[in-house]
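Trainee: I'd like to go through this model with you. Start wherever you like, but give me the cut-offs as you go.

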Amino acid sequence: MERVEVAVIGAGPAGLAAGRELLDAGVEHVVLERDRVGQTWRDRWDEFRLVTPTGATQLPGRPYDGPDPDGFMPRDEAVEYLEHCAADLGAAVREGVEVGSLAARTGGGLTLRTSTGDMRADAVVVATGSYRRPHRPSAAAALPSGLLQLDVADYRNEGELPPGAVLVVGSGQSGCQLAEELHDAGREIVLA
């Protein structure tokens, strides 16, 4: 069974930042990602942008060096940035490795059951986030069956929607950004 000091689960911003800090501290580690680096951002809609200024969007060891520090990083640029952060960590980042469970070991440490075999770690950092789990209010089940309902993960762009007004439920980053995009495209929008 492979053994590492620290296993980091998730290769998004938090997991990559943890990996960089561990690397800089000389701690043996791996960063395990069930999909590809930055998969959550890859899955966002076409016009997705981060809501923090680009110049403030930086992980340890990789400052932003692009042309627009006062702008807002678009999806593809954010993914590219995360790929560069992962490349800085080298072989420590493993894509396509899903962690199914963790179990405490007698005498300390944890066993990770992964899609590529069991691994033992002295410590584990869970950096999976919650951006991949859409929330649909229970009241949505009572809406007419012919009414198109999309979770943010299923939305790509305004042109894929049927004509008419759009109700956006949720005023977080994604909801507000979608409402603005749809408004700019000439749609009647209700943001709830």
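Mentor: Contact first: two residues touch when they have heavy atoms within 4.5 Å. The model is predicted, so local features need pLDDT of at least 70 and side-chain atom pairs need pLDDT 80 or more, while totals for chains, interfaces and linings use all residues. Numbering runs from 1 along each chain as its sequence is written, and side-chain values use heavy atoms, with hydrogens and water left out.

Trainee: Fine. Which residues does Leu102 touch?

Mentor: Ile9, Thr111, Leu112, Val124 and Val126, leaving aside residues up to four places away in sequence. Leu102 itself is in strand β4, residues 99-104. Strands (E, at least two residues) and helices (H or I, at least four) are DSSP runs, numbered from the N terminus.

Trainee: Is Leu102 buried, partly exposed or exposed?

Mentor: Partly exposed, because its relative accessibility is 38%. Buried is under 20% relative accessible area, exposed is over 50%, and partly exposed is in between, with a 1.4 Å probe and protein chains only.

Trainee: How far is Leu102 from Glu28?

Mentor: 19 Å, C-alpha to C-alpha. They are 74 residues apart in sequence.

Trainee: Zoom out. How many helices and strands in the chain?

Mentor: Four helices and eight strands. Their order along the sequence is β-α-β-α-α-β-β-β-β-β-α-β. The C-alpha trace spans about 60 × 45 × 20 Å along its principal axes.

Trainee: And what share of residues is buried?

Mentor: 36% of the 192 residues. As for contacts with a separation of 6 or more, 55% come from residues 24 or more positions apart.

Trainee: Now aromatics. How many aromatic pairs?

Mentor: Three. Rings of Phe, Tyr and Trp (its six-membered ring) pair if their centres lie within 6.5 Å; planes under 30 degrees apart are stacked, over 60 edge-to-face, the rest tilted.

Trainee: Why is Trp45 with Phe48 called edge-to-face?

Mentor: Because their planes stand at 90°, with the ring centres 5.2 Å apart. Both residues are buried.

Trainee: What is the geometry of Trp45 with Tyr155?

Mentor: Edge-to-face again, 6.4 Å centre to centre and 65° between the planes. This pair links distant parts of the chain, 110 residues apart. Trp45 is in the loop between α2 (39-42) and α3 (75-89). Tyr155 is in the loop between β6 (117-126) and β7 (166-168). Trp45 and Tyr155 are both buried.

Trainee: Which residues end up in the ring cluster?

Mentor: Trp41, Trp45, Phe48 and Tyr155, linked by ring pairs.

Trainee: What does Gln177 touch?

Mentor: Trp45, Glu47, Phe48, Arg49 and Val51, again not counting residues up to four places away in sequence. Gln177 lies in helix α4. It counts as buried because its relative accessibility is 14%.

Trainee: Pockets next. What volume has the largest pocket?

Mentor: About 1200 Å³. On a 1 Å grid over the protein atoms alone, a pocket is an open set of points with protein on both sides within 12 Å along at least five of seven lines; a cavity is a set where a 1.4 Å probe fits but cannot get out; lining residues have an atom within 4 Å of a point. Points join across faces, edges and corners, and a volume is the space filled by probe spheres set on them.

Trainee: How many residues line the largest pocket?

Mentor: 42, with Leu150, Asp151, Val152, Leu167 and Val169 nearest its centre. The elements giving two or more lining residues are α2, β7 and α4 (173-184). Helix α4 gives the most, five residues.

Trainee: What classes are in that pocket lining?

Mentor: 24 nonpolar, eleven polar and seven charged. Ala, Val, Leu, Ile, Met, Phe, Trp, Tyr, Cys and Pro count as nonpolar; Asp, Glu, Lys and Arg as charged; the others, Gly among them, as polar.

Trainee: How many cavities of 30 Å³ or more?

Mentor: One. The largest cavity holds about 50 Å³ of space. Its lining is Leu16, Ala17, Arg20, Leu59, Pro60, Arg62, Cys85, Asp88 and Leu89. Helices α1 (13-24) and α3 each give two or more of those residues. By class, the lining has six nonpolar, no polar and three charged residues.

Trainee: Last one. Where is Asp35?

Mentor: In the loop between β2 (29-33) and α2. Asp35 is partly exposed, at 28% relative accessible area. The C-alpha atoms of Asp35 and Arg94 are 9.3 Å apart, and the two residues are 59 residues apart along the chain.
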